[in-house]
Amino acid sequence: MSHYSIGADIGTTSTKAVLFSSKGDIVHQATVEYPLLTPEPKAAEQDPDEIVEAVVTAIQSVMANSGVDKKDITVLSFSAAMHSLIAVDAKGKPLTKSLTWADQRAEPYARQLKETNGKSIYDKTGTPIHPMSPLTKLMWLKAEQPDIFNKASRFIGIKEYVFNHFFNKYVVDHSIASATGLLNMYELDWDKEALETAGVTKDRLSELVPTTAVFTDMDPELAERMGIHPDMKVVIGANDGCLANLGVNAIENGVVAVSIGTSGAIRTVTDKPVSDPKGRIFCYALTEDHWVIGGPVNNGGMILRWLRDELCAEEVSAAKAQACDPYDLITEKIAKISAGSNGLLFHPYLSGERAPSWNANARGSFYGLAMHHKRDHMMRAVLEGINMNLYMVLLALEEVIGIPDRIHATGGFAKSPVWRQMMANIFNQEVHVPQTVEGACLGAAVLGKYAIGEIDDLTEVRHMVETKEITVPEAEEVAVYEELMPLYIRLSRLFEEEYEAITAFQQKHK
């Protein structure tokens, strides 16, 4: 008998459900999108009920169109985006929208926390002090919307909201909890100091469970709607970053995963929780023996889109005439410019930044512009700047884990030979591109199989993920970037002193 598994990823812009064979092959997949709401400056919210419906619809679509009998599906397991916060009343009704990781309204409270007991909390929780985290969101909610804060029975994340609809209980896995800024990663319990800082008690949070916790008592009406067996084993799973590492076979020592979509991240796995003395990297739980450390960046594919829309009208027009992708024409031109863009540097902080600076007020800049620079130099500098910023995160990671043995790159950028070669040269590392395209969903499915005893070890994922491309560094270009990187890093530190001033000016003169 064939055994199938479903990995569902509750993401920031959509929920994906993927049905996998026992070998990790995709049998069928479905995606249901939902909007990001921005009702006021710095807000980034979503409707939690809309997301529940998206989860149900995605799984229902997979089941209806795969041709697989529900009796042959052994496990459903979940991945979810981190850092969301929803206030709910005693009946489970939301008092707020789901505040996503991108919501920046807690920025003043994050800054305040950094100046007081932020380091103490970071050292125990592994979550950098930043407005993305539920810790600082709670501080903001308590100060800015006290009526809602006081009325709330619980404060939960989006996966908890979904699971409460499925199972009528509030549970949160160690992985999602470890990204809240409220969990003591060494004790795997809510941290007393963090709770006091947020102004909440344990009874207003969900019950902590391992990422391998199994549930079998799903609401029968929901199970029928989705077309799954009501007694199917459902594994709570982990957060999307941790499961993305698992899904691209980057869970062994010395393997680093770099993913770039709209935003990006660099992550690797250790066997115990660790923190960075300088507070630059996160540490989140996958299992009790697997901890994912690294750093997320805000500015990935969204910067390339900005480049296309604001500087590349010529390529966009030509692409329409040639019926091709404008990004292909952009990267063709970038490839003709020499490494280092003839001394033009770009810091890609157009939407603030998380790692390595964790500064919501960070702003982008070109540095070194001279008369010999053309538009094509600016285009290449933008792509180099995205990679150089990622490399800064990797350097912070190397101080904790040492130099990695291998880089696994995923996301839309990994499809571009120009980008892969640039990353290999800037990182001075071989860049491996795994075959899988749905890393978080596969990671969820593998964790689910492990949780129910279908596989004995998470490293079984290596049999499900093949390497598609390997890009080797070019010594001549490596030397150029080794000369430029120290300047790039020094400038980022110098600019740090003025980010708040320019942000204040921008807000005053909108």
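Which helices and which strand each supply at least two residues of the lining of the largest cavity? In this predicted model, local features need pLDDT of at least 70 and side-chain atom pairs count only at pLDDT 80 or more, whereas totals for chains, interfaces and linings use all residues. Residues are numbered from 1 along each chain as its sequence is written, and side-chain values use heavy atoms, with hydrogens and water left out.

The whole structure holds 2 cavities of 30 Å³ or more, a cavity being a set of points on a 1 Å grid over the protein atoms alone where a 1.4 Å probe fits but cannot get out, with lining residues having an atom within 4 Å of a point. Helix H4 (134-144), strand S8 (154-156) and helix H6 (158-167) each supply at least two residues of its lining, and H6 gives the largest share, 3 residues; helices (H or I, at least four residues) and strands (E, at least two) are DSSP runs, numbered from the N terminus. Of the 21 lining residues, Ser84, Ile156, Gly157, Glu160 and Thr180 are the closest to the centre of the largest cavity. The lining comprises 14 nonpolar, 5 polar and 2 charged residues, where Ala, Val, Leu, Ile, Met, Phe, Trp, Tyr, Cys and Pro count as nonpolar, Asp, Glu, Lys and Arg as charged, and the others, Gly among them, as polar.

The second largest cavity holds about 80 Å³ of space, and of its 13 lining residues the closest to the centre are Gln46, Ala81, Ser84, Thr100 and Ile158. Its lining has 7 nonpolar and 6 polar residues but no charged ones.

Technical notes. 1 Å grid on protein atoms, 1.4 Å probe; cavity = no way out; pocket = protein on both sides within 12 Å on 5 of 7 lines; lining within 4 Å. Points joined across faces, edges and corners; volume = space filled by probe spheres on them.
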